[in-house]
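Please look at the sequence and the structure before reading on.

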Amino acid sequence: MEMENMDKNKYIVTENKQQPHISKLQTHEINSDRLENNTGETKSGFPEKTTTTTTTAADWSTLSQWIQCMCIVTFDLNLGQALEFIYPKEFTPTEQEVTNICYMAFPDSNSGCMGDTKFHMRLRMSPDTSRMKKSQQFRSYNSDCPPVLKVDQSHYWGFVYFRQKRDANLPRGYFQKSFIIITRLPFFNLFYEMLTQLAQKYFNEGEEVLIKACQQINNDWPPLQVGGTFNLPLFDQCYQILVPRASSRKAVQQNDSLESIEKLEKLERPISVKIIASVNEVELFHSLSFIVDHMYTLWELVLTAEPIVVVGTSPADCSHMVQTLVALIAPLEYCAEARPYFTIHDSEFKEFTRECGKVPPPLILGVTNPFFIKLLKDWPHMLRLVDNQINMQKQQQLALKNSRNTSSVTSLNSVGVLKSGNGNSTSLNGSNGEGSAPGLYTKYKPFLKKDKSLIKKVLLGLKTKRPEHVQTALLRRHLLELTQSFMIPLERYMASLMPLQKDISPFKSAPNANAFKLDDFLATLELSGPHLTSPLKGDWKGLYRRFYNSPNFRGWYESRHKELQLTLQDLQLQALSEANLEQWARDKQEVEIIDMILKLKQKLNLYNDKLSNESSSWIGSNGNTATTTRDQIRAQINCMKELLPNDLKNVVNI
């Protein structure tokens, strides 16, 4: 097809799979007569926020907190995967981001994936100074929310609804199209619910659905906050969610949903309320049921940020498994890279798949293309998924049979590949179909012995057909207790690095927290180790050493060290606010008093910035609130000013 005959309202991705190329022809423009009538209202019934047809990113201030944009990717016989439609166009991704979105919008496998498929992906943002500045809008949210709910300042999440069906009227005989929500929030359960509702409406009604949805979110949804229950109306559905706080140190705000409830009552159309118990927690048992025997090994691999490749035939299975793996160590934040769904066309392909012989990066990679099995044959850990529900049931029955026929649920064979207890081993690089069976292929030797009683309880649930959500609750609670048992000694040791109260002086800089020393920490385990709270036996010290060298430890330590330093600054500031500065100034020269005033002003400015990002009602260690400390510092500044001559008072007021 000649270029002049192409649809110029698309981003085009050619079918050259080895060297993807994208040509930005023109962003899809929305005709003004589709958006407005003579009354200034949209035909969808939602009023525009501005009276002109020209909009800016600022006009979408509420929408941009929840989602970035919605888009449609289609398959063109001559052009390949193409971005057909995007809204709002003010948030159109860069060309590189569009390339990644288009390639990952369709399943990258030979399985077909007929019908409807839902999955999610993670996309790296292209470097852009202006866009990174906009990321500061999430600073307050990130300071209050749990680590697993934080906005990653350098990545997007993409939630995809892919539809493929036979259509004899099309040249290839198939209809292929994806509806995608691009967002910065890891609210998996919320966006999957929205995805299902909006995609089905789009396939029935067309592009107007995206326009109406974005306008309603921008007009009717509350600002993104932490610590409240929110009602989020979307057409004839309302999603009720809770965004929890990370720490009890900050006061819990009042429920912020009253205003949104009043808005709901004013709506004329009937609203069905759907309560989403957790915005991010996935069903663990859905992915772990066939491999529950290896759950503790997987927990150690994720805890120490080992490179894992998850191989499946469906992007839905891969993305769910990758998210399940990351959730194994909750509430500890997984600080390495994780890609729920990854293709050979991703811009980070070369970065993540280095040449043979080099150490793979700390990464969990979900893939469906069989090419990755050969490409990543040197990766130390490969998790192969069950192809479909029928095979899933067979694997569950096999797991039950194995649990009855052997005292050891799993064993490590001579070539280091984990196998089932029935003695049928598989080789990852074997021929004639060997190595294709679902399971974990690794040479890793776990540091801890598994809790066989827990595994038997879960397998018994399979036999008695215990509901999946009950099985998930059982696993989640057990894994939470295991992770907490592992982290409590680290948290206790970290608290011991805090300087003594007597070392904090109002007239000196805040002291630094003491350094973390691995040997000193390991020496504390005998009296206060994880064996006090966990039934698991094994080489805990060896596991801590491995964890110490992982990105997860570095992320945890940097976060805790920063918290300690902020606490020390708060304590020093509180001591300064309560000190008798008038007595201190008696034998001081005027220049020293001015220097003290300038330091107080500097600390006050920093304190005000901090309070603007946090709740101002938390209680300090001495019983004072943050606002009380701030007022006392202001009083100290005024007191110091009174000790200066009038001409110098004017100087310090500048």
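How do the residues of the lining of the second largest pocket divide into nonpolar, polar and charged? They divide into ten nonpolar, nine polar and seven charged, where Ala, Val, Leu, Ile, Met, Phe, Trp, Tyr, Cys and Pro count as nonpolar, Asp, Glu, Lys and Arg as charged, and the others, Gly among them, as polar. The model is predicted: local features need pLDDT of at least 70 and side-chain atom pairs pLDDT 80 or more, while totals for chains, interfaces and linings use all residues. Residues are numbered from 1 along each chain as its sequence is written, and side-chain values use heavy atoms, without hydrogens and water.

**The pocket**
- On a 1 Å grid over the protein atoms alone, a pocket is an open set of points where a 1.4 Å probe fits, with protein on both sides within 12 Å along at least five of seven lines; lining residues have an atom within 4 Å of a point.
- Of the 26 lining residues of the second largest pocket, Lys118, Asn189, Tyr192, His286 and His320 lie nearest its centre.

**The nonpolar cores**
- A nonpolar core is a set of buried Ala, Val, Leu, Ile, Met, Phe, Trp, Tyr and Cys residues joined through side-chain atoms within 4.5 Å; buried means under 20% relative accessible area, with a 1.4 Å probe and protein chains only.
- The largest nonpolar core has 72 residues, and Trp66, Phe179 and Phe187 have the most contacts (heavy atoms within 4.5 Å) inside it.
- A second, separate core of 66 residues includes Tyr296, Met321, Leu440 and Leu448.

**The whole chain**
- Buried residues make up 51% of the 654 residues in the protein chain.
- Of the contacts with a separation of 6 or more, 74% join residues 24 or more positions apart.

Key:
Buried means under 20% relative accessible area, exposed over 50%, partly exposed in between (1.4 Å probe, protein chains only).
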